[in-house]
Amino acid sequence: MRTPFIAGNWKMHKNRSESHELAVSLVQKLGDVPHRLLVAPTFTSLETVAEVVKGSNLLLGAQNMSVARSGAHTGEISVEMLKDIGVSCVILGHSERRHTYGETDEMINAKVLLALEEGLESILCVGETLEEREAGAVEEVVGGQIRKGLEGVTDLSHVTIAYEPVWAIGTGKTATPEDADTVHAFIRTVLTEMYDKSVAEATIIQYGGSVKPENVKQLMAMENIDGALVGGASLKAETFIPIAKFNV
Ligand code: PGA
């Protein structure tokens with residue numbers, strides 16, 4: 001049985017007081033949720049949100065992390081700095097990092113390995129662009145991102161995969177539950193080849209891309225969809241709470 005995992009990615013939104021306000025209301029309203037929940041604020045709000053979620057059932061996530069441990073890396077944030085604040089999980093390889101900031105599979109793989117070595121969970125994001133989908137290359141792209149992103153990872157128990165078709169992120173267009181499930185099932189076949197069936201069956205695969213209160217139930221009802229990585233709808237308590245409580 002896979003435990004559902006719902007995560008909110010606040011991206012580059014909210015100052016500290018806005019982050020504080022949202023975190024307080026989530027902690028108040030989500031205390032009875034039996035499955036896993038995570039919020040990933042901006043770096044500058046991490047410490048503020050860490051104080052609020054401490055001792056609650058909300059995990060604290062970061063949206064990115066440096067590939068280097070320390071040193072002359074202007075503008076970067078290290079794994080040690082994240083751990084120091086209380087971060088337990090890091091989102092890696094988000095499509096905005098891949099497509100806007102040029103992160104490669106090799107770089108993302110190095111980050112996944114570093115996070116795991118340092119005891120942080122990771123959410124590894126994968127997904128095809130519209131052109132890649134239209135060219136019939138979904139399996140090639142997503143399979144490649146999974147294989148390269150997980151190279152050298154021997155224990156998958158602290159890795160969540162997020163399938164986020166790029167064309168569905170922030171666009172209001174959601175993959176149909178059936179289309180998303182097909183890709184999730186494909187990801188499990190790749191994991192079976194790389195590891196084994198029991199690892200593939202145990203791995204949590206989130207869907208991301210315009211998840212809303214109105215579509216979360218249908219998505220979560222699919223056999224291979226175990227959670228959601230939510231952007232826009234995670235910015236307001238009114239929309240994130242019903243998503244987080246999709247089955248409560
Ligand atoms: P969205 O973003 O929910 O706003 O589409 C999802 C994501 O980028 O993780």
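A charge is taken to sit over a ring if NZ of Lys or CZ of Arg is within 6 Å of the ring centre and within 35 degrees of the ring normal. The legends below describe close-up views of a predicted model.

**View 1. Arg 36 is placed over the face of Phe 5.** The distance from Arg 36 to the ring centre of Phe 5 is 4.6 Å.

**View 2. Eight strands form a closed barrel with parallel pairing.** The order of the strands is β1-β2-β3-β4-β5-β6-β7-β8. On average, neighbouring strands of this sheet are turned by 25° against each other, with direction ignored.

**View 3. Strands β5 and β6 run parallel and are joined by five bridges.** Strand β5 covers residues 121–126, and strand β6 covers residues 159–163. Leu 124 has Ile 161 of β6 as its bridge partner. Helix α7 packs on the sheet and touches both β5 and β6. The direction of α7 makes about 150° with that of β5.

**View 4. The axes of helices α5 and α7 come within 8 Å of each other.** Helix α5 spans residues 105–117, helix α7 spans residues 138–149, and their axes cross at roughly 45°. On the α5 side, the contact is made by Asp 105, Glu 106, Asn 109 and Val 112. On the α7 side, Gln 145, Lys 148 and Gly 149 take part. By class, this contact of α5 with α7 comprises one nonpolar, three polar and three charged residues.

Definitions and conventions: Residues are numbered from 1 along each chain as its sequence is written. This is a predicted model: local features need pLDDT of at least 70, side-chain atom pairs count only at pLDDT 80 or more; totals for chains, interfaces and linings use all residues. Side-chain values use heavy atoms; hydrogens and water are left out. Axes are lines fitted to C-alpha atoms, for helices over the stretch in contact, and angles run from 0 to 180 degrees between N-to-C directions. Helices (H or I, at least four residues) and strands (E, at least two) are DSSP runs, numbered from the N terminus. Contact means heavy atoms within 4.5 Å. Ala, Val, Leu, Ile, Met, Phe, Trp, Tyr, Cys and Pro count as nonpolar, Asp, Glu, Lys and Arg as charged, and the others, Gly among them, as polar. Two strands pair if DSSP finds at least two bridges between them.
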